[in-house]
Amino acid sequence: MDNYPALIVVTPLLAALLAGLAAWIEDRLSYPIALMGLALSTFFAFKVLMQVIGSGTIHYRMAGWAPPMGIEYTIDLLNALVLLLVSGIAFLNLIASYPSVNQETNDRAASFYTIYLLFVTGLLGVTATGDLFNLYVLIEITSLTSYAMVALGDRDRGPIASLNYVFIGVIGASFYLLGVGYLYLKTGSLNMADVAHILSGIQGSSTVLVGFILCMLGIWIKMALFPMHVWLPNAYTYSPVAFSRVVAPLMTKVMVYVMIRLMVTVFGLDYIFNTLHLADAAVWLATIAILAGGVMALAQKNLKKMLTYIIVCEIGYMVGGAWMGNQLGMTGAILHIVNDALMTFALFLAVGNMVYKLKTIDLPDLKGLFGKMPWTMAGFVLAALSIIGVPPTCGFFSKWYLLLGALEAGAYHFAAALIISSLICAILFFKVFEICFFESLAGGHETAHGVVEIEEAPVSMLIVSGLVSLSIIVVGLYSGTIVNSIILPFLK
Amino acid sequence: METIVSVKPLLAVLVTLFVIPVLVSSSGKPNARESWIFIAGTIKLVLILSMLPVILEGKQIVLTLFEIAPGASIAFRVDGLGMLFAIVAASLYIVTSIYSIGYMRGLNEHGQTRFVSFFALAISATIGAAFSANLLTLYLFYEILSLATYPLVTHHQDATSKISGRRYLIFILGTSIGLVLPAMIYCYHVTGTLEFTTAGIFADQLSKPGATVLLLMFVFGFAKAGIMPFHTWLPAAMVAPTPVSALLHAVAVVKVGVFSIVRVLTGIFGVQLLGDFNLGVVVMTIASVTILLASCIALSQDELKRRLAYSTISQLSYIIFGVALLSPQGLLGGVIHIAMHAFGKITLFFCAGAIFVATGKKYISQMSGLGRRMPFTFAAFFIGALGVIGLPPTGGFYSKWNLILGTLEAQQTLFMLVLLVSSFLNAFYFLPIVYKGFFGKSPDEDDTTPVKIKEANLCCVIPLMITAVISIGLFFYPTIFVNLIKVGLAIK
């Protein structure tokens, strides 16, 4: 019980090692080990969330070393929520991946599982840790594993996308590390709570200012905030679907979490909004990101790539909400971490099912898909409606808070961008629906009026995709509960 | 106001939703499928009627499902207005279901299971909108209805329906996201509530220009009401199979639009505030323009369903016109027109469909002499036309009578002229069809051969007889609807 915070992260790490070793004996062993590891991790994350809701923040000292010397895991409501989100999605995705991994990675399934687990370990660690340098190390673990994964994907485009990702990713990491260096110079500490305590006394310092800006830039590059997004679309499009399904919903969202963590816990909202005068600029940047992401998505002819640009657009939602400078905006941003993760996951699950059957994801090849893959499309439609922001899907409710926050702060440009992006997303998705609904099957001679054979993806993939799509509605209807029992207490 | 908590409104909404899986699973057995529709439709109507006595006593039935934020919940509140609309929609759903059988099987349409399933979803959303306790819930069901109707409008899956579907979405979804959503969020931002109350939710937060802009955003934003210039989706939507045009585009969908505007006028702004700012005249002017222009356009339409569509656009504005009079008689005449117009117009659409099934004719110019072959259909058409023109012995007379009294009561004599001129125009575009039908020379038969009666199948003819009879019955017994409006709007 006491060690649960560490076990959330350590279990997938051990599982990664075991899965790698087991593959020497028998290839097929690595999958159950990976599955077991993530199932346990999800279980621990759930327990920890319940514990935090019940009895408050958990401070866990790695190997018993006391902070600020030792590494501390600080689990409060926010990261308990994100931990459950990350482990849950990683676990579900692993179930959905089983049928397709071999085919997608050219029979390197064992290495896929090992890297996958390491990637998830990194994400979980980033979320759990309360130490600035440890955070850097873990970000690098997630990044390095992502580079490898992207390179495992599309034979022609994967390596180049990966290389591009490496270059920009390294720049981002360096910025962050440099920022932490500045902070260390000034405070002599790396523990978040400790740094926060020291910083509250030296708010005017320009070293701290530089440290803050460098950290933010680094994180923004890692989360692909426009115009620092250029690595993301190709990297996510050309990686194996089994990996893009988990990296697309989680990577950027965890980075948004890190940004909020730095803002709320380390630097303090008071410092950011009252001493620095960057909030307006950040909200403008977010506004531009939303519009640019939407417009670029309009130009895409490949469904997966279109979705990656929607991620760029959604990043703008969360950055804008977090920098709005009021509780409503921050609530919207945090709620959107959960919601966007769920809906992006649902969309990519549907994409995975399509790729599994069609071997392609170019828009013109999706003709007649409503008849051919009705269940997949049902999940896809639900997730798409959530992105557009139709109630009662969860996307509507985070947009609701973000809009209220924007009105309260008088940021009408941001509110307008949210509305416009909803409209753009409506156009984007109905364009896809039209292709799937009106045009007859590619290659076949069936017409819309004939009977179309149902050729669905395997049941395991369908169940996961159905569950996640339903959760979009359930989470939407219970967003009041999430806000009242998790987000608002955290922000107090 | 005495309130009773009950799950009945929820059940009434859900019953046609829960029947959808049953419909899908019995897709190979049309008779079983159709029986399930009747069972669900009947249960729905019985549930609604079982709440009627309580409502007539002046009580309200409430049920809160999900609290999203303080003052914004997903909740039902059944009052007189909602009850009236729900009775009309649910009873006509059953009649339309009979008609659908005749029409869809008569034309051997494809995708009938999809058709009935989305139809059931649409009617669920309609009842949900009728019972909504606040603007958020209303918006939720409004959006669900928009999306549920899209596959019905585009049922034929050909190039024409694709274009019409696009227009439908751009107008309906574009206005609800682009205008209603920001207006709603603004209301919540200013007042902290979205609950419908007779006094309105605003105390003194609005200036006159602000109130005007907000009001216009709502009036144009609920584009299902077909206020010009956001009306063109309705004629375009006539490509749908006639049961859709009949129930959805003469009753359910369009009247959800009108109903939403009525709710916003009476429940969000409140009659008092509208009167103080003199906004009733603004809305009345907009409605008058639509009434007259749409009637004129209707005159020029040769395709029967398009003429009916323009007539609907014009008649919908009667309702808004009446409510905007802000006088008791005007409110009564406007709201009761929801019911009166519903029965008249659905009869007309049923007739148009029956003519198409029996003869394949869509254009008025081809219908000369047809009344001798289809006497029942044309007699019903005559009654429906009387109802829409507002002549005795049909219910339409009652609403027009009250509307005219309302203009006198509100001392808006000029606007009375609008009603009178429009009635003339209505007579001009409907009565020649009937006259030529019975007495005109038929193009494809000479006068010597005796005329053989050749109606459409019984499933088509019986429903249109039923609605025509009810239309006459409402002239003699409008009492229930009148009482519902009086308790609903607290007028004597």
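**Entry 1: the sheet in chain B**

I started with strand 2 and strand 3 of chain B, which pair antiparallel over 7 bridges. Two strands count as paired if DSSP finds at least two bridges between them. Strands here are DSSP runs (E, at least two residues) and helices are runs too (H or I, at least four), numbered from the N terminus. This is a predicted model, where local features need pLDDT of at least 70 and side-chain atom pairs count only at pLDDT 80 or more, while totals for chains, interfaces and linings use all residues. Residues are numbered from 1 along each chain as its sequence is written, and chains are lettered from A and ligands numbered from 1 in the order in which they are written.

I looked up a bridge partner: B:Phe66 has B:Ile74 in strand 3 of chain B. The hairpin of strands 2 and 3 of chain B has 2 residues between the strands, and B:Gly71 takes a positive phi near 80° there.

B:Ile4 stands opposite B:Ile61 in strand 2 of chain B. The 3 strands form an open sheet in the order 1-2-3, with mixed pairing. Strand 1 (3-5) and strand 3 (72-78) of chain B are at the edges with a single partner strand each, so one side of each has no neighbour in the sheet. The twist averages 35° from one strand to the next.

**Entry 2: where B meets A**

I checked the interface next: 23 residues of chain B are in contact with 25 residues of chain A. Contact means that the C-beta atoms, placed from the backbone, lie within 7 Å. Which element of chain B gives the most to this side? Helix 6 of chain B does, with 12 residues. The chain B side has 15 nonpolar, 5 polar and 3 charged residues. For these classes, Ala, Val, Leu, Ile, Met, Phe, Trp, Tyr, Cys and Pro are nonpolar, Asp, Glu, Lys and Arg are charged, and the others, Gly among them, are polar.

**Entry 3: two strands in chain A**

I moved to chain A, where strand 1 (residues 58-61) and strand 2 run antiparallel, joined by 4 bridges. A:Arg61 stands opposite A:Glu72 in strand 2 of chain A. From strand 2 (residues 72-75) of chain A, A:Glu72 and A:Thr74 point one way, A:Tyr73 and A:Ile75 the other, and all are buried. Buried means 20 or more other C-beta atoms within 10 Å of the residue's own (exposed is 12 or fewer, partly exposed in between), with C-beta atoms placed from the backbone.

**Entry 4: a helix pair in chain A**

I compared helix 14 (residues 303-322) and helix 19 (residues 412-438) of chain A: they pack at about 165°, axes 11 Å apart. Axes are lines fitted to C-alpha atoms, for helices over the stretch in contact, and angles run from 0 to 180 degrees between N-to-C directions. Helix 14 and helix 19 of chain A are therefore roughly antiparallel (that label needs an angle over 145 degrees). Residues making the contact include A:Met306 and A:Ile310 of helix 14 of chain A, and A:Leu418 and A:Leu428 of helix 19 of chain A. The contact residues divide into 10 nonpolar, 2 polar and no charged.

**Entry 5: A:Ala383**

I ended on A:Ala383, in helix 17 (residues 374-388) of chain A. Is A:Ala383 buried or exposed? It counts as buried, because it has 28 C-beta neighbours inside 10 Å. Leaving out residues up to four places away in sequence, A:Ala383 touches A:Met343, A:Leu347 and A:Ile472, among others.

Note on methods
Parallel < 35°, antiparallel > 145°, perpendicular 65-115°, else oblique. Contact = placed C-beta atoms within 7 Å.
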